[in-house]
Amino acid sequence: MAFRQAPCVHLGVILQLVMRSTQTSTGCPQPYFRPFHGIVRPLLSLNPSATDPNGKDEQSKPFTRKKRLQVFQSNLPLQSKCQVSISICSLEREKKLKQGREGKRTTGSVGSWEETVRKAEKLVEEAMKDNDASHDAAHVWRVRDLALSLAREEQGLSLPSSNSNTMQIVELAALLHDIGDYKYLRDPSEEKIVENFLDEECIEESSKMKILRIIKGMGFKDELAGSASNDLPPEFGVVQDADRLDAIGAIGIARCFTFGGSRNRVLHDPNIQPRSDLSKEKYMKKDEQTTVNHFHEKLLKLKSLMKTKAGQKRAERRHKFMEEFLVEFYEEWDGRA
């Protein structure tokens, strides 16, 4: 056991020297992957059946390459740990490529695609557990299902073929789209939750950037400000349309009144007219507005803002249902029905 502990001690000393030689003025190490990797690789080849050198493996299971790196990482100074994380991601990418050749469905670098989705679902449940029912996990599940359904309808039109990772980008973006929503932001650090999750899952950089651009461009307020980017991935349309479809129709009506009630907003006041000259700043400040006015300021406009043909088709029915609801609502409010 003493012999097995020695490589960990010496590795820590060597890595400290390597990392100090590459440290920047900000305290963060510069990329020094190849020399570092040259140190780690030979050590990984030693005794593949060895057990945990820290004695934490109570069941004496084989000490895998990834586990060995994680144990080494726990013994290193903070500035060295990020370089070990790079090696862990590298090993997982090799695993992904191997699984891909064997016909398994995977994404990113950590485990299978199904595992990544399960982790994303757990993140949604945890991050949104204190939200009201208008923006809870059930809303996310509906958006995910709608987005995947729209994407299948759009295949061969504006979206790439199903042979790409389009569906995976759509699913992750739909799952993560409401985490860090400004309406429920409790701490500024929550804005980085999604990006941190994608990094932890070692999602491929190009896919990661697509997902982040989709989420950033989803909001109605950005469209009001004219700041919606033209440089958005093709998957953007189906995810945004799915979110907007869940904001209209019967579900949209229920969500609208649920949100208004959670903010103690007035149900309806004939003396308060909907705002016609709506800007981003005015839209975000709703203290003096009524719940019913939200239909006129946003919900009734969403049908014409759908990006995909599939989304436009589905929006027709939901839009008509809202119009019929409002006719009935006003008649009942005035005592005419």
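For the cut-offs, buried means under 20% relative accessible area, exposed means over 50%, and partly exposed is in between, with a 1.4 Å probe and protein chains only.

A quick word on what you're looking at. This is a predicted model, where local features need pLDDT of at least 70, side-chain atom pairs count only at pLDDT 80 or more, and totals for chains, interfaces and linings use all residues. Residues are numbered from 1 along each chain as its sequence is written, and side-chain values use heavy atoms, with hydrogens and water left out.

Back to Asn264, which sits in the loop between α12 and α13. Its phi is near 55°, a positive value in a residue other than glycine. Most residues other than glycine have a negative phi.

Where does Cys202 lie? Look in the loop between α8 (193-200) and α9 (205-216). Cys202 also has a positive phi, about 55°, and is not a glycine. But Cys202 is buried, at 6% relative accessible area.

Now Pro270, in the loop between α12 (249-262) and α13 (280-284). Its relative accessibility is 46%, so Pro270 counts as partly exposed. Pro270 and Trp333 are 63 residues apart in sequence, and their C-alpha atoms are 9.8 Å apart in space.

Let's zoom out. The chain has 15 helices and zero strands; these are DSSP runs numbered from the N terminus, with helices being H or I of at least four residues and strands E of at least two. Of its 337 residues, 43% count as buried.

Last up, a helix pair. Helix α6 (residues 137-154) and helix α7 (residues 166-176) have axes that come within 8 Å and cross at roughly 155°. Those axes are lines fitted to C-alpha atoms over the stretch in contact, with angles from 0 to 180 degrees between N-to-C directions.

Who makes the contact? Among them are Val140, Trp141 and Leu148 of α6, and Met167, Val170 and Leu175 of α7. Contact here means heavy atoms within 4.5 Å. The residues of this contact divide into 10 nonpolar, no polar and three charged. In that scheme, Ala, Val, Leu, Ile, Met, Phe, Trp, Tyr, Cys and Pro are nonpolar, Asp, Glu, Lys and Arg are charged, and the others, Gly among them, are polar.
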